[in-house]
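Here are my notes on the model you sent. Please read them with the structure open.

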Amino acid sequence: MSRATPKISFEFFPPKTLDASFRLWDTVRALAPLSPDFVSVTYGAGGTTRQLTHEAVTTINRHYGLNVAAHLTCVEATREETLKIVQDYADAGIREIVALRGDAPKGQDHFIPHPEGFAHSVELIEAIAARGDMTIRVGAYPEPHPDSNGTDADVTWLKRKIDAGASSAITQFFFEAETFFRFRDKCAAAGIDAPIIPGILPIQGWAGARRFAQSCGTSIPQWAEEAFEAAIRDGGDREKLLATAICAELCDKLLDGGVDRLHFYTLNRPEMTRDVCAALGLHPARELEAVA
């Protein structure tokens, strides 16, 4: 039985330097011809890239004709300031928001709501949904969020976010397809019927991926540790080849398990994401023509 061609989406982050700007636009140009369902632009920890995110979102939307979802958090902003950002996006023609609680600002060990801000993501989602003109996506955690009491609590919280007005969820990255399938089954049992999109991290470098996994609660299988250690020891391009193969195999297992959407965390480096898409039979559907 042939499986359906999945919808794909990509995450970018806003540049902080001139060189990073060139890398972002090179990434957009490389991946836009794959006709993603949407692309998202992240928000720096503690809201540190608020203006940069806005500029990147509006530029991608205006010049590349892509459907852009802007990340938005509750961190260090009043309700009025946060909803003003939503209005600014609406005025610029942006109709999708990825609504998140957000990480604690640098120097804080846990999230503390602004005294005049949203206490958590559910309040933020409710306020955006009340406008009636935004598609809202949210985060989901196949393995326990560092601040949660376990997967069951994360499923309950995701149900609250969907009930508050979110239409889909994008997961944190994971290493094994079974991790996602177990989470998907728990969500279905809890009555969550909104799409849950697996977040895929093409591993650009093992050391960085390990640090990222440890910071966000993603478990690292022993086989991954051993495989990457061996590839790095062998040198050459073994690490890249291994990372591409592992990512493509993960996506393949997800698609065989009924997944019909994949969200790639590109880290503004398009090559591996493009290679994985090619391995899955996803090729450029159009020539990229920047909109004046």
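1. Asp133 counts as partly exposed, because its relative accessibility is 28% and the class lies between buried (under 20% relative accessible area) and exposed (over 50%), with a 1.4 Å probe and protein chains only. Asp133 sits in the loop between α4 (121-129) and β5 (135-140). Helices here are DSSP runs of H or I with at least four residues, strands are runs of E with at least two, and both are numbered from the N terminus. Not counting residues up to four places away in sequence, Asp133 touches Ala90 and Arg95; contact means heavy atoms within 4.5 Å. Asp133 and Ile94 are 39 residues apart in sequence, yet 9.8 Å apart in space, C-alpha to C-alpha.

2. A word on the source. This is a predicted model, in which local features need pLDDT of at least 70 and side-chain atom pairs count only at pLDDT 80 or more, while totals for chains, interfaces and linings use all residues. Residues are numbered from 1 along each chain as its sequence is written, and side-chain values use heavy atoms, with hydrogens and water left out.

3. The overall picture. The protein chain has ten helices and eight strands. Of its 292 residues, 50% count as buried. Take the contacts between residues at least 6 apart in sequence: 80% of them join residues at least 24 apart. The accessible surface of the chain comes to about 13800 Å², and carbon and sulfur atoms hold 49% of it. These areas come from the Shrake-Rupley method with a 1.4 Å probe; for residues, only the protein chains shown count as cover.

4. Which residues have the most contacts inside the largest nonpolar core? They are Phe10, Ile60, Ile128, Leu158, Leu254, Leu262 and Phe264, in a core of 86 residues. Helix α9 gives the most to this core, with eight residues. A nonpolar core is a set of buried Ala, Val, Leu, Ile, Met, Phe, Trp, Tyr and Cys residues joined through side-chain atoms within 4.5 Å. In soluble globular proteins, nonpolar side chains tend to be buried together.

5. Next, a helix pair. Helix α6 (residues 177-189) packs on helix α9 (residues 238-256) at an angle of about 35°, with the axes 9 Å apart. Axes are lines fitted to C-alpha atoms, for helices over the stretch in contact, and angles run from 0 to 180 degrees between N-to-C directions. Ala177, Phe180 and Phe181 of α6 meet Leu250, Lys253 and Leu254 of α9. By class, this contact has five nonpolar, no polar and one charged residues. Here Ala, Val, Leu, Ile, Met, Phe, Trp, Tyr, Cys and Pro count as nonpolar, Asp, Glu, Lys and Arg as charged, and the others, Gly among them, as polar.

6. Thr179 also lies in helix α6. Is Thr179 buried or exposed? Thr179 is buried, with a relative accessible area of 8%. Leaving aside neighbours within four places in sequence, Thr179 is in contact with Pro142, Glu143 and Phe174.

7. Ser40, in strand β2, counts as buried at 0% relative accessibility. Its contacts, not counting residues up to four places away in sequence, are Phe10, Glu11, Phe12, Ala69, His71, Val98 and His263. Ala32 is in the loop between α1 and β2 (38-41) and is buried, with a relative accessible area of 1%. Ala32 and Phe10 are 22 residues apart in sequence and 9.2 Å apart in space, C-alpha to C-alpha.

8. Most residues other than glycine have a negative phi. Leu267, not a glycine, has a positive phi of about 55°, and Asn268, also not a glycine, has one of about 60°. Leu267 is in the loop between β8 and α10, and Asn268 is found in that loop too. Leu267 is partly exposed, with a relative accessible area of 35%; Asn268 counts as buried at 1%. Just after α10, Gly281 takes a positive phi of about 85°.

9. Last, α10 itself. In this helix (residues 270-279), Pro270, Met272, Thr273, Val276 and Cys277 are buried. The buried residues of α10 pack against β1 (7-12), α1 (18-31), α9 and β8 (261-265).
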